[in-house]
Structures are given as C-alpha cells and as structure tokens.
Amino acid sequence: MKAAQTQRFAATATMAMLVGLGAPLGASADEADAKALLKAMSDYLAAQETLSFGFDTNLEVVTQDGQKLLLASSGTMDVQRPDKFRAARTGGFADVAMIFDGKTLTLLGKRANVYAQIEAPGTLDHLVDELRDKYHKPVPGADLLLSNVYDELMRDVIDVKDLGSGVIGGTECDHLAFRTKDVDWQIWIAQGDRPYPCRYVITSKGVDQAPQYSIQIRDWKTGAEVASEAFTFSNPTNAKPIDPKELSDFDELPSHFAIGGAK
C-alpha cells in the first residue's frame, strides 16, 4: 500500500475512534424535537398535491468474500396525488421508467425495449404496497411518497436522536437518527418553510459489514413550480410487451448479483 494511501486510511480510522470516544449522543439528543421535526416533514409532504425532484441512490452490497461494493444510479420523480406518478432511473445496469395513471402501472425497460403492465387501481399508498409485497419491485424512497410518512417511518422505532444540523447539496438540514431492531436509518430534513427530505439512509444491521441504501434528493419542486406531466404510457419506440415476471435488470440490484450466490 502506498504511503499516502496508508495515511488517508489512518486519518479515517482516527476520526472513527474520536467519534466512538466522544460524549454519548443520547446525552444531548432531544427525542421530542426529533419526532416533531419528522412529523412536520410528514405533514408538509402530505399537503403537496404535486411535486417533483431528482434523486441519486447508492446501494451497498457485500460479496461472500467480504468485499463491499457500491451500485449508483440517478433519476427523476413526478407525483400527482392521490394516484399518479412517473419515475425514471438510470444506472450502470438499467435504464428504466415507471408510469402510473391511477389504474395501470407500466414498467419500461429502455435498453431491452420491453414493457410490462400491472393492473393496480387505487392510490399511491396501495401501489407502493402492491409493488413491494406482491411484485418485489419497490419504488426508490417509496416510504417518502406515502400519505402518512410519519407513521410508516416510526413503526418499530426504539431509539431516536436529534443530531443537530448538516448540509446536503448546499441546503442546511436537521439531521435525525432512528433505530429499529433490524435497521438503523437517518434522515436530513431541509430547514425552513419547506421541510422536504434531502437525504435518507438505511443501514442493515443484520448483514455483514452493515451495508447501506441511500437516496439523496435534489431539485425539489412543488405546486406551480412543477412542469405539467402526462401520466399515461406512450410507446414511440414500439417496445415489446412482456409478462412482469420476465422483466429483468429492473431493480437496483442487477440480476447477475445473485443474493447468497457467487458475485
């Protein structure tokens, strides 16, 4: 290992030890304030009839030989409550889109030029549940799209910390940390009269090396700021219709990363 690289690793390790030896975070954390900040974010999100944003995601995976890898992607999201949304995501393994018109969800794989459709009439809350539980195709940051974000996020929480301020993408945020039995999660919420989520990080405690999933939000817009979008599927490239089960390389974990298998 080169000397400069060794020094960088040593500095990082020293910083980690300093954090571990500092005063207990819980000593200064105000649980009531943290819950109030999260509830204010939840209420603000629920009140927005239309919203749009860009996002960047990072998904960590750990190989059987202990190497931690990071899969990155970026995308956009447009939402019209209570029952319409359009999302697009591009990563190293997929270029995909999702369009929901209140009745039918279309999943479009742009590289393979194929699409699948799922009948799921109802609200966005219903669609998120259907995708996650029945089709195993969760929407990035789906918890933040629900009509009652606070209740969804606070389910099974056993520890709450207010970590003060942080800056995400140039925006000053309130930094909160929460724990459940299975995961730790953190959220950075923009300060001011538009308390939108700037970053959301989930850490899997039961997996070796505690891999994380994070979504960072940018270009937040609501109301009249949001450009008018059509939430109906058009097919200008003559994409081929297929069964939803046949749609591969749609998730953020690509198909050749076999869970529990060789990486």
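Hi everyone, let me start with a lysine: Lys 35 is partly exposed, with a relative accessible area of 28%. For that label, buried means under 20% relative accessible area, exposed means over 50%, and partly exposed is what lies in between, using a 1.4 Å probe and protein chains only. Before going on, a word on the source: this is a predicted model, where local features need pLDDT of at least 70 and side-chain atom pairs count only at pLDDT 80 or more, while totals for chains, interfaces and linings use all residues. Residues are numbered from 1 along each chain as its sequence is written, and side-chain values use heavy atoms, with hydrogens and water left out.

Back to our lysine, then. Which residue forms a salt bridge with Lys 35? The partner is Glu 31, with the closest N and O atoms 3.1 Å apart. By salt bridge I mean a side-chain nitrogen of Lys or Arg within 4 Å of a carboxyl oxygen of Asp or Glu. Both residues sit in helix 2 (residues 31-47), four residues apart, about one turn of the helix. Glu 31 is partly exposed too, at 38% relative accessibility. On elements: helices (H or I, at least four residues) and strands (E, at least two) are DSSP runs, numbered from the N terminus.

How many salt bridges are there by this rule? The count comes to 13. Arg 132 is partly exposed at 31%, and Asp 129 is partly exposed at 34%. There is also a network of salt bridges, linking Asp 56, Arg 218 and Asp 219.

Arg 179 pairs with Asp 184, the closest N and O atoms being 2.8 Å apart.

Strand 9 pairs with strand 8 (residues 171-179) in the antiparallel sense, over seven bridges; two strands count as paired if DSSP finds at least two bridges between them. Strands 8 and 9 form a hairpin with three residues between them, and His 175 has Trp 188 of strand 9 as its bridge partner. Strand 9 also runs antiparallel to strand 10 (residues 197-204), joined by seven bridges. There, Gln 186 has Val 201 of strand 10 as its bridge partner. The hairpin of strands 9 and 10 has six residues between the strands, and in it Gly 192 takes a positive phi near 105 degrees.

The C-alpha atoms of Tyr 213 and Val 201 are separated by 5.7 Å, though the residues are twelve apart along the chain. Tyr 213 is buried, at 16% relative accessibility.

Now the cysteines. The structure holds zero disulfides, a disulfide being a pair of cysteine sulfur atoms within 2.5 Å. For Cys 173, the nearest cysteine sulfur is that of Cys 198, 3.3 Å away. Cys 173 is buried at 0% relative accessible area, and Cys 198 is buried at 1%.

Last topic: the spaces inside. On a 1 Å grid over the protein atoms alone, a cavity is a set of points where a 1.4 Å probe fits but cannot get out, and a pocket is an open set with protein on both sides within 12 Å along at least five of seven lines; lining residues have an atom within 4 Å of a point. Grid points are joined across faces, edges and corners, and a volume is the space filled by probe spheres set on the points.

There are three cavities of 30 Å³ or more. The second largest cavity holds about 60 Å³, and twelve residues line it, with Phe 53, Leu 144, Leu 145, Ile 217 and Trp 220 closest to its centre. Strand 11 gives the most to that lining, with three residues.

The second largest pocket holds about 260 Å³. Its lining has 17 residues, and those nearest the centre are Arg 86, Ala 97, Ile 99, Leu 108 and Lys 110. Strand 3 gives the most here, with three residues.
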